[in-house]
Amino acid sequence: MKILQRLIDNLRKFPSVGPKQAERFAIHILKASDKEIDELLSSIVEIRKNIKSCNKCNNYTLDDVCEICRDEKREKKICLVETPFDLISIEKTKSYNGRYFILGGNLVPVSNNDDFSLKIDKLKKIVANDSIEEVIIALDATTEGQITSLYVKKALSEINVKISQIAYGVPLGADIDYLDSFTLSHAIKKRTLFDKD
Ligand SMILES: [Zn+2]
């Protein structure tokens, strides 16, 4: 049936969804009540319509500036992460009470340098305007992540801010958002301070 195949093909576009799983999802959609499907569709439409990127940290938000950036009780620190999911993982550890800045996949070797420079310029402005005392680099322990960390360290060295990097008691190649809270919490606490050249 063409219409069913179309649904399966669309479901297969989701990350890690294989043909069998797409079929199971399609069957679930066919069997679900109208109420369940309406709820699913309206949640998709609503999030697509209302979600935007925080003007400061690039996190997902419904407002111009996200709740974390608006929270005046947060310490004057910025944790630099690659994705909003890394932010969620670090928030879950409850071992960090500063703000964030999301690079959004703008890692040096995989992005064009303009995107990266724009993001770093934005970060520098925020650090200066909001009197940020420390930038903690928490990028993945991959080659791209580590090269990016060095670039960021160099770019920030001209302004007056402490720069540190989380400690990696984790295997090289691991994604931040796959770490368990204990490992991640330990890595944040044991971050190392970059020497100013
Ligand atoms: Zn924000």
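**Notes on a predicted zinc-bound model**

1. Let's start with helix α7, where Gly145, Thr148, Ser149, Val152, Lys153, Ala155 and Leu156 are buried. Buried here means under 20% relative accessible area, exposed means over 50%, and partly exposed is in between, with a 1.4 Å probe and protein chains only. Looking down the axis of α7, the buried residues fall within an arc of 160 degrees (taken from the directions from the helix axis to the C-beta atoms), so they line one face of the helix. On the face turned away from that buried side sit the exposed residues Thr143, Leu150 and Lys154.

2. A word on the basis of these notes. The model is predicted, so local features need pLDDT of at least 70 and side-chain atom pairs count only at pLDDT 80 or more, whereas totals for chains, interfaces and linings use all residues. Residues are numbered from 1 along each chain as its sequence is written, and side-chain values use heavy atoms, leaving out hydrogens and water.

3. As for its length, α7 covers residues 143-156, which is 14 residues. From first C-alpha to last, α7 reaches 20 Å, close to the 20 Å expected at 1.5 Å a residue (1.5 Å times one less than the number of residues).

4. Zooming out, the protein chain has 8 helices and 7 strands; these are DSSP runs numbered from the N terminus, H or I of at least four residues for helices and E of at least two for strands. The C-alpha trace spans about 65 × 35 × 35 Å along its principal axes. Of the 197 residues in the protein chain, 40% count as buried.

5. The protein chain is divided into domain 1 (2-50) and domain 2 (53-193), with bounds from an automatic or database domain assignment. The centres of domain 1 and domain 2, taken over C-alpha atoms, are separated by 33 Å.

6. Which residues hold the zinc ion? Its protein donors are the SG atoms of Cys54, Cys57, Cys66 and Cys69, lying 2.3 Å from the ion (donors are N, O and S atoms within 2.8 Å of the metal, or 3.2 Å for Na, K and Ca). Along the chain the donors follow the spacing C-x2-C-x8-C-x2-C. Cys57 and Cys66 are buried.

7. Over in helix α2 (residues 19-31) you will find Ala26, which is buried with a relative accessible area of 1%. Setting aside neighbours within four places in sequence, Ala26 is in contact (heavy atoms within 4.5 Å) with Leu4, Leu7, Ile8 and Leu11. Tyr96 is 70 residues from Ala26 along the chain, and their C-alpha atoms are separated by 41 Å.

8. Ser164 belongs to strand β6 (residues 162-165) and is buried, with a relative accessible area of 1%. Beyond residues up to four places away in sequence, Ser164 touches Glu134, Val135, Ile136, Ile137, Arg191, Thr192, Leu193 and Phe194. Of these, Arg191 is 27 residues from Ser164 in sequence and 6.3 Å from it in space, C-alpha to C-alpha.

9. Finally, Asp130 is placed in the loop between α6 (113-129) and β5 (134-137). Is Asp130 buried or exposed? Asp130 is buried, with a relative accessible area of 16%. Leaving aside neighbours within four places in sequence, its contacts are Lys56, Lys76 and Arg99.
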